[in-house]
There are 2 protein chains.
Amino acid sequence: MTHITTPAETTTAELDAIVAAAARAAGPMAAAGPGERAGWLRAAAQALEAQREALVPLAQEESHLPEGRLAGELSRTTGQLELLAAEVESGAVWDATIDHADPDWRPVARPDIRRVTVPLGPVAVYSASNFPFAFSVAGGDTASALAAGCPVVVKAHPGHPRLSVAVAEIVAGALAEAGAPGGLGLVHGFDAGVALIQHPAIRAGAFTGSIGAGRALFDLAVARPVPIPFYGELGSVNPVVVTPAAAAARGAEIGTGYAGSLSLGVGQFCTSPGILLAPAGSAVLEAAGQALSEVSAAPMLNDRIAEGYAHGLQELRGVEGVRVVVDGSTGATPTPTLLAVGIDRFAEVDRLREECFGPVSLVVEYEDPADLVPVVEGFDGQLTATVHGEPDEALAGELVDVLSTLSGRLVWNDWPTGVAVTYAMQHGGPYPATTIAGTSVGTAAVQRFGRAVAYQDVPQALLPPALRDDNPWRLARRVDGVWEPRP
Amino acid sequence: MTHITTPAETTTAELDAIVAAAARAAGPMAAAGPGERAGWLRAAAQALEAQREALVPLAQEESHLPEGRLAGELSRTTGQLELLAAEVESGAVWDATIDHADPDWRPVARPDIRRVTVPLGPVAVYSASNFPFAFSVAGGDTASALAAGCPVVVKAHPGHPRLSVAVAEIVAGALAEAGAPGGLGLVHGFDAGVALIQHPAIRAGAFTGSIGAGRALFDLAVARPVPIPFYGELGSVNPVVVTPAAAAARGAEIGTGYAGSLSLGVGQFCTSPGILLAPAGSAVLEAAGQALSEVSAAPMLNDRIAEGYAHGLQELRGVEGVRVVVDGSTGATPTPTLLAVGIDRFAEVDRLREECFGPVSLVVEYEDPADLVPVVEGFDGQLTATVHGEPDEALAGELVDVLSTLSGRLVWNDWPTGVAVTYAMQHGGPYPATTIAGTSVGTAAVQRFGRAVAYQDVPQALLPPALRDDNPWRLARRVDGVWEPRP
C-alpha cells in the first residue's frame, strides 16, 4: 500500500464519469441472480482478507486506532460481506411474492400478480471517520447496497484518504474479477460530496456522521427535483439507566463496565454511553471514577475531532451545577473525563442531552426513582438505550417500555458499544439518531435500497427469474399469502 | 345520514385536540396484539357494511359517481379492511426476528438480539377526491396505518365532506366499540391540512392526489425540525405500448379495451392510460375512436377538476402536430376526447408526457418499432406501464424490461385501471408517481408505518409478547435466520 499517495479532490468532470459508470452498471447488476451477487460479496471479503497485512498498518497510520481494534474491525467488515452473501442466497433480498389468478378472490376476481424487490440504482455512501473499515468504503452501507444489487459511489472520509483508496481498489478489483459489471466508485472532497447527492443518476444516499452534516445532506437529497431517500445515521447520547435495585446489587461492577464502555475507542463510537442515570450516592459513580482514572491517554482520530471534543467538553464543564468527577485532559491524546449533575438540574439544561463526541460521559444522579420516567421521556430519538435493572423490578419494566419508544436498540444489563452483525440487529432509531427509519447494520440494512415492482398477467418467459413458476433461483417466496421456504 | 351538515373548517385549537387524542391512543394501540388489532379492522368493515344503504347515496350525491361503481368501491374498502385483519393475524406486520445468543457467531460471539416492528405513531392521511371510499377516510392509507398499529388523523377531501364525516363517525364508533383506545380523527380545510403535517405529534403522512399538492406537503414533512416520511401517491400517465404483432393480431380488440379503460370513471383514475403507443395505421386507433364516440357524457367529480380538465385539454389540443380523433366535450359532464400525434413530434414536446386528469388519452403513432425503446426510456416514473404484445416477440420482452425500470406495476395484455387488493400488489412507482418507494394498496402497504426496535439480552418477562420464547401471539417469525411459520 506504500504506493498510494494522498488523493486529490475529485473534479466535477471526474465525478460525472464515476457516477456515469455506476449508472451503466446498474442495469446489469440488477439482473444478476443470487449466486452471482453473493459471489461478488464473497470475492470482496476474500480480497480484503488477503490484503490484511497491508491494510491494518495503513489504517493505524491514518486513524491512530490500535492494531488489535483495527484487525477486529476488518474481520467484522469482511464477516458482514459474508453474512450478506448468505442473505442474498436465501432470497430474502428479492422478497418475491406471487398471487395466482383467483376467480373467487373477494370482492372481485384477481389477476395473476407477482411482486419482486429491485435495486434503486446508484447509491451515494458517505464514510465515517471512526470506523475506517466497518463504516467506510467497504462498510455496512456499501455491503448492503451491493447486496441489494446497487452500484455504489463512496465519498471518502478525509480522515483516512489513502486507506479509502486502497480498499476501493481492492474491492473494485475483486468485483471485476468475480464478473460484476461494476459496483464501486470513490470520490474525494467536500464539493464532490455535495455534488454527489445532487447528481440526477444517484438514487439513494447513506451516511454516518454528525447531525449537522447529515441533516445538510438529507436536506439536499429531499430538495432535488426528484427527491431520493437519504439514510443518515447521525448523533446519539445512548442513555443508560441504573435502577436502585441494580445499583444496590452490583453498583461497583456497573461502574467499572460503564468506564470501559465510555472510554472504548476514546469515546468515538456512535453507541458510546454519553449519559448514565444512577441513584445518588451509589457505588456506580465511585467505581466508574476509579476505573477511568486508570485509563491511559489515547489518540483521537484526527485534529478536527479533537478540537470539537475540547470545545464541547469545555461547554459541558461550564454548565452550572455540573461537577467534575474525573478531571481528564483534551488535546490530540486525551484521558477520559467523568462529569456528574443532579437530575433536577439536568432536566433544566437542554445542552446536557446533546452528544459530545469523545471520552466523556455525564452521570445524572437521582434521589427519587419516580423522577426517572419523566426525564427519560424527554430524550430525543436514540440509537440505543440501556437499562441496568433486576427482572422482577416494576420500574425496570417501565423503563424498558418507555426507552423502547425512543430508541432503536434496547440493551439490558450490558453496554451499548459493540453492535453485532446479525439478522435481528437494528442500528437506527428515531430522529436525530437516524434521518429515516432503517438499520445500517445487519441483514435488514439491505431493505433500504430496494423498491417493489409488480407484474400482472405477464407470461412466464417474460417474467424475471425470481417470479417464474419453476423458481430457477431457488428463492424463499410468499405464494398466495403463504411463505414457502427455499426449495 | 341526513343529519350530517357540511362541516366547518377545523380550527387550530380543534386540530390540536384531535392530534393530542391520537397521540394519547398511540401507546395503547401499539401494545395491542394481533387478535385485538384484527378485531378493530373487522369491526370497522362490518360497521361500514351495515350502513351501506345510507353511505352509497351520500357518496353519489357528493361525488356524482354512479351507484354501481360506488357500491363496488365500498366493497373494495371493506374487503381491504378484512384482508388487512388477516394479515395482522399472520404476524407479518410484526416482522419478528429472533437471534439467540451464539458464542460461535463469527467474527465475534453475539448476544441474544430480537427485533420487532413497532408503529411509528399518529399518521396524517390526506384523502383523494376520485375514490370517496377506497382512497378516502377508511381507504387504503387509513386501513394500513391502523393495521400497523398507528392512530390516524384524516384530512377530509372537500369534494365529499359529508360522506367523510359519516365514514369517520362510523369507523371511530366501531373502533371504540371493539375496544380500541382511539384510532381515527378527522379535520377539514386547507389550513388544517397544512398544520396537520407540521404538527410535532404526527409521525408520518400519506396522500393521494396531484403532483403539486403532494410535493408541497412532502416538502413540509421533510423540512420539519424532526422530518417524517411522507408517502404521496401523485401523478402518472400510465403508458401503454402496443407492439406491431399485437396490433396485427387483435388491433380492434385492443382499441375497444383502451376506450373502456380511459373513459372508466370519466378518466378520473390515477391508473388511467393517458398515452398509448401503437403502430401508425393499425386498427387500434379506429376501433378506439369508434368505441369512444359511443360513450355517453358523464359528470366529473367536481367543478375544480372539470375546470382543470378543460384547461389541460385545451393545452394538449393546441400542441402543433396533435390531431383530434374524437372531438369530445368539456364542462361538468364531458364526453371523452381522443388525440393522436406522431412519435417524432411526441419526443420533442415534454408537455405531451404530463398527466391530464380526465377523459382524454393520446395515441402516439410509430412507423419504426426501433423508435419505441428510446422514447419509452424518456418517461418519468409511473404507477403502471402496460405492454400489449405476443409472448414470443423479442420487442415485447425488451419493453417489459425497460418499462419495469420506471414503473411500479407492469401489466401484460390487459389495462391498468382496476387495482386488485392482494399480497403482491404494488401501487406506487418511481417519482413522481410516488414520493417514496412503497405501495398504498395491498398488504405491503402496512410496512410504510413501522420502524424496528431490537432488544438485546432482555429477560423474557420484559420482552414484548411478539418476541417471547413462548410466542403467545402465535406469530410467524424468523429465528436464527430461518423463517418459522405460524405455530
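The following legends describe close-up views of a predicted model.

**View 1. The open parallel sheet of chain B.** Five strands of chain B build an open sheet, and their order across it is β5-β4-β3-β6-β7. The pairing in this sheet is parallel. Its edges are formed by β5 (184-187) and β7 (230-233) of chain B, each of which pairs on one side only. From one strand to the next, the twist averages 15 degrees. In general, the strands of a sheet pair through backbone hydrogen bonds, in either a parallel or an antiparallel manner.

View 2. Strand β6 of chain B covers residues 204-208 and is joined to β7(B) by four bridges, in the parallel sense. Within this pair, Ala206(B) stands opposite Tyr231(B), a residue of β7(B).

View 3. Chain A is divided into domain 1, which comprises 12-234 + 437-484, and domain 2, which comprises 240-412. A distance of 34 Å separates the C-alpha centres of these two domains of chain A. Eight residues from domain 1 of chain A and eight residues from domain 2 of chain A take part in the contact. On the domain 1 side of this contact in chain A there are six polar and two charged residues, and no nonpolar ones.

View 4. Strand β13 of chain B (residues 382-388) is mostly covered, with seven of its seven residues buried. Strand β8 of chain B (residues 240-242) runs parallel to β13(B), and three bridges join the two. In this pairing Val242(B) stands opposite His388(B) of β13(B). Strand β13(B) also pairs with β14(B), in the parallel sense and over five bridges. Here Thr384(B) has Arg409(B) of β14(B) as its bridge partner.

**View 5. A strand pairing between the chains.** Strand β15 of chain A (residues 450-456) pairs with β14(B) in the parallel sense, over three bridges. Opposite Ala454(A) stands Arg409(B), a residue of β14(B). Arg409(B) is also the bridge partner of Thr384(B).

**View 6. The interface as seen on chain B.** Contacts between the chains involve 57 residues of chain B and 57 residues of chain A. On chain B, the elements that give two or more residues to this side are α4 (67-90), β1 (97-99), β2 (113-119), α14 (394-404), β14 (407-412) and β15 (450-456). The largest share, six residues, comes from β15(B). By class, the side of chain B that touches chain A holds 33 nonpolar, 13 polar and 11 charged residues.

**View 7. The relation between the two copies.**

Notes:
Residues numbered from 1 in each chain as written. Chains lettered and ligands numbered in written order. Predicted model: local features only at pLDDT ≥ 70, side-chain atom pairs only at ≥ 80, totals over all residues. Pairing = 2+ DSSP bridges. Axes fitted to C-alpha atoms, helices over the stretch in contact; angles between N-to-C directions. Domains from an automatic or database assignment. Contact = placed C-beta atoms within 7 Å. Nonpolar A, V, L, I, M, F, W, Y, C, P; charged D, E, K, R; others polar. Buried ≥ 20, exposed ≤ 12 C-beta atoms within 10 Å, placed from the backbone.
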